[in-house]
Amino acid sequence: MIIVRDIEEIRGAVAGACVTIGNFDGVHKGHQRLIELACSRAKAQGLVSAVVTFDPHPLKVLGKGTPPPFITLTEQKLELISQHGPQVCLLLEFSLAMARLTPEEFIRTYLLDGLCMQELIIGYDYHMGKGRSGNFETLAELGALHGFTVDRLDPVTIDGAVVSSTRIRDLVQSGRVWEARPLLGRFYQVKGQVVHGMKRGGRLLGFPTANLKLVDELFPMPGVYAIWVEVAGEVRMGVANIGINPTFGNNALSVEAHILDFCGDLYGADIRVHFVQRIRDERKFSGIDELKERIARDVELGRCILAQPEAEIRLTRPFLEPGTIPGRSA
């Protein structure tokens, strides 16, 4: 997937495109179906498949209250989008000036002049342009005027409810990470750099932990979780504690991952933590011995959970390249 951050990089390079557009926070099952539909339509018609998205998220620019914690930061969002096959991702810098564009101005500037769009596919609830005035009916009228077709994807439902970023966010924040998995099509994950902590895990408790420098915005509610950890090119079982370590009187949120059957120095390394299932609440213990006994039990429960076929993890790595635009002539 080619990432384009400035429309001038691609203007005149694409002879025709099938485009889908959105914020794609979480790149969940609904988003995935949009992207895959755009790719299949593009392939059938000999067009370039293109995804248009924004950084920062419009809610951070428009300033209407405090935005919610986002499920995916931009780097991860791009990785996830690329896994579903588009040739181009146009990552536009969202600004107040862009927010003032009418739907027709936005489409002409970016999608027609920039991508030579021939087909636009949107989600069932998507709106674009000033005052969110660009709904499906408005876009269809613009399509008839400017020579492109518009299709709208019906909502994707799982367990009788529409898949949405809000629903996923609520599940993660309430610790129901296992229930978020089918909506995301993967386990919820965070990425962070291993930093020095209080050094209690190995020396005091006998369970060394990797302490993450928190970068992501959305975290499961405090507690102990069975996890998969991507570290040093491998995927390993683990258990993680999210919280403030009440037994030791801490007051800052932390994520500490104990990687099963692993020995090594991870300080400074970037690791990914995939949350599989919540084991228990975080709580204060009477002392070190009771805490050690409970951690040992958590580790065994984590092994049992992760050994189940339903907990298997499948990883794919995206192809991200800032190079040649599909269709560009030499």
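How many bridges join strand β9 (residues 188-195) to strand β14 (residues 270-280), and in which sense do the two strands run? Six bridges join β9 to β14, and the strands run antiparallel. The model is predicted, so local features need pLDDT of at least 70 and side-chain atom pairs count only at pLDDT 80 or more, while totals for chains, interfaces and linings use all residues. Residues are numbered from 1 along each chain as its sequence is written, and side-chain values use heavy atoms, with hydrogens and water left out. Helices (H or I, at least four residues) and strands (E, at least two) are DSSP runs numbered from the N terminus.

**Barrel**

- Six strands close into a barrel in the order β9-β10-β13-β12-β11-β14, with antiparallel pairing; two strands pair if DSSP finds at least two bridges between them.
- From one strand to the next the twist averages 45°, where axes are lines fitted to C-alpha atoms, for helices over the stretch in contact, and angles run from 0 to 180 degrees between N-to-C directions.
- Tyr 188 has Phe 275 in β14 as its bridge partner.
- Strand β10 (residues 210-213) is joined to β13 by two bridges in an antiparallel arrangement, and Ala 210 stands opposite Ala 257.
- Strand β12 (residues 234-243) pairs with β13 over six bridges, also antiparallel, and Gly 243 stands opposite Ser 254.

**Strand β13**

- Six of the six residues of β13 (residues 254-259) are buried, so the strand is largely enclosed by the rest of the structure; buried means under 20% relative accessible area, exposed over 50% and partly exposed in between, with a 1.4 Å probe and protein chains only.
- In a regular strand the side chains alternate between the two faces of the sheet.
- On one side of β13 the buried residues are Ser 254, Glu 256 and His 258, and on the other Val 255, Ala 257 and Ile 259.

**Helices α7 and α8**

- The axes of α7 (residues 165-173) and α8 (residues 177-184) come within 8 Å and cross at roughly 155°.
- The two helices are therefore roughly antiparallel to each other; angles under 35 degrees count as roughly parallel, over 145 as roughly antiparallel, 65 to 115 as roughly perpendicular and the rest as oblique.
- Arg 167, Ile 168, Leu 171 and Val 172 in α7 meet Val 177, Glu 179, Ala 180, Leu 183 and Leu 184 in α8, contact meaning heavy atoms within 4.5 Å.
- α8 also lies across β9, β11 (223-231) and β14, running at about 125° to β14.

**Helix α3**

- Eight of the nine residues of α3 (residues 74-82) are buried, so this helix is largely enclosed by the rest of the structure.
- Among the buried residues of α3 are Lys 77 and Glu 79, together with Leu 78, Leu 80 and Ile 81.
- The buried residues of α3 pack against β1 (2-4), α1 (29-45), β3 (48-54), β4 (88-92), β9 and β14.

**Loops and backbone**

- The peptide bond from Asp 55 to Pro 56 is cis, with omega near 0°, and Pro 56 sits in the loop between β3 and α2 (58-62).
- Cys 116, in the loop between α5 (103-112) and β5 (117-122), has a positive phi near 50° and is partly exposed at 29% relative accessibility.
- Arg 132, in the loop between β5 and α6 (136-146), has a positive phi of about 55° and is exposed at 52% relative accessibility.
- Gly 233 lies in the loop between β11 and β12 and is exposed at 84% relative accessibility.
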